[in-house]
Amino acid sequence: MKLLLRVLMIVVAALIVSGATFALSRTSLASNMSGPQRGQFERRPSTTADGASTREQASAPQLDGAGPPEGFRRGGERGGGGLFSLVEVGGHLLVIALIVAAVSFLSRVTQPLQARLAARRKPAPPASTA
Amino acid sequence: MQPTRTKPNRNKINLVIDLAIFVAFLIAMSPHFSGIAVHEWLSIAFGAAIIAHLLLHWEWIVGITRSFFKKARWSARSNYVLNVLLFIDITIVIFTGLMISEDALPLFGIQTIRGGIWHGLHSFSADLSLVLVGLHIALHWEWIVKMFKRFVLTPLLPRRLSPQMQLTAQPPDKKVQP
């Protein structure tokens, strides 16, 4: 029962965050950030005499609010990119390793300072009567 | 006579779950590596694992929440603030991911939103989560190293016995080879 109550509390907290995110996404600021809506831009002519416009249109990003263009997915996202995409995992691991190294270095550098501050906060021992 | 039940080691459970969460996080963060279906389902499971992680540290959460404005140490306070930010960020990542889901939710006939702010918010919060997870690991690095040595390295490495212990470890009838 206690466990269920705790799980419920976590889920409620997550729902509050989700609700707030959803509410914020409905504000005018969010709609400005998301870019122009469907039908807001005038459509380009599909073809020209030399056919250049069609090619441009194919390579240009979609600006009609219908999500990121297919090129954004770099082709490998749907089915998984295999071993070559391990570079992506390695990159994330490297970022985390750099952060850990930087924080460890900083804490090691500031350790004497922290020790000095802690010693200053400690009350002085009572003077010996001897 | 009742069989004696050994209490499971809390640190060991924490280490195993945290390691699994970390591996899942790395894979879920790389949709090009895993593919979109694995990315989505793993992220949903990741949410459940986060709940387990929070339940395992419930006493700490309650303790710091109560003493945050009173007598908590600054290191505990900063850790708490970071963890709250991480919880909010991970929730946003999972929520926005569900909003733009292409495999998981459509499987149940739920139509998801294509476009809008969700893709951008999902990418931004995911990038932020990488930094926050890095800081979270960094703040617990000493514990991770200690537990890794205790539960992974020590059982794997051959036990170094002192010469006296080696002698006592020999069977009594077996002669020591020169």
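Predicted model: local features only at pLDDT ≥ 70, side-chain atom pairs only at ≥ 80, totals over all residues.
What share of the contacts in chain B with a separation of 6 or more comes from residues 24 or more positions apart? Residues are numbered from 1 along each chain as its sequence is written, chains are lettered from A and ligands numbered from 1 in the order in which they are written, and side-chain values use heavy atoms, with hydrogens and water left out.

1. Contacts in chain B. Residues 24 or more positions apart account for 65% of the contacts with a separation of 6 or more, where contact means heavy atoms within 4.5 Å.

2. Secondary structure. Chain B has nine helices and zero strands, whereas chain A has four helices and zero strands. Helices (H or I, at least four residues) and strands (E, at least two) are DSSP runs, numbered from the N terminus.

3. Burial. In chain B, 38% of the 178 residues count as buried; in chain A, buried residues make up 15% of 130. Buried denotes under 20% relative accessible area, exposed over 50%, and partly exposed in between (1.4 Å probe, protein chains only).

4. Helix 1 of chain B. This helix has 19 residues and reaches 26 Å from its first C-alpha to its last, close to the 27 Å expected at 1.5 Å a residue; the expected span is 1.5 Å times one less than the number of residues. Its buried residues include B:I21, B:A24 and B:F25.

5. Packing of helix 1 on helix 8 in chain B. The axes of helix 1 (residues 10-28) and helix 8 (residues 141-156) come within 10 Å and cross at roughly 105 degrees. Axes are lines fitted to C-alpha atoms, for helices over the stretch in contact, and angles run from 0 to 180 degrees between N-to-C directions. The two helices are therefore roughly perpendicular to each other, a class that covers 65 to 115 degrees. Among the residues that meet are B:N14 and B:L15 in helix 1, and B:W143 and B:F148 in helix 8.

6. B:H122. This residue lies in helix 7 (residues 118-139) of chain B and counts as buried because its relative accessibility is 15%. Leaving aside neighbours within four places in sequence, B:H122 is in contact with B:H39, B:V93, B:T96, B:G97 and B:I100.

Conventions: Parallel < 35°, antiparallel > 145°, perpendicular 65-115°, else oblique.
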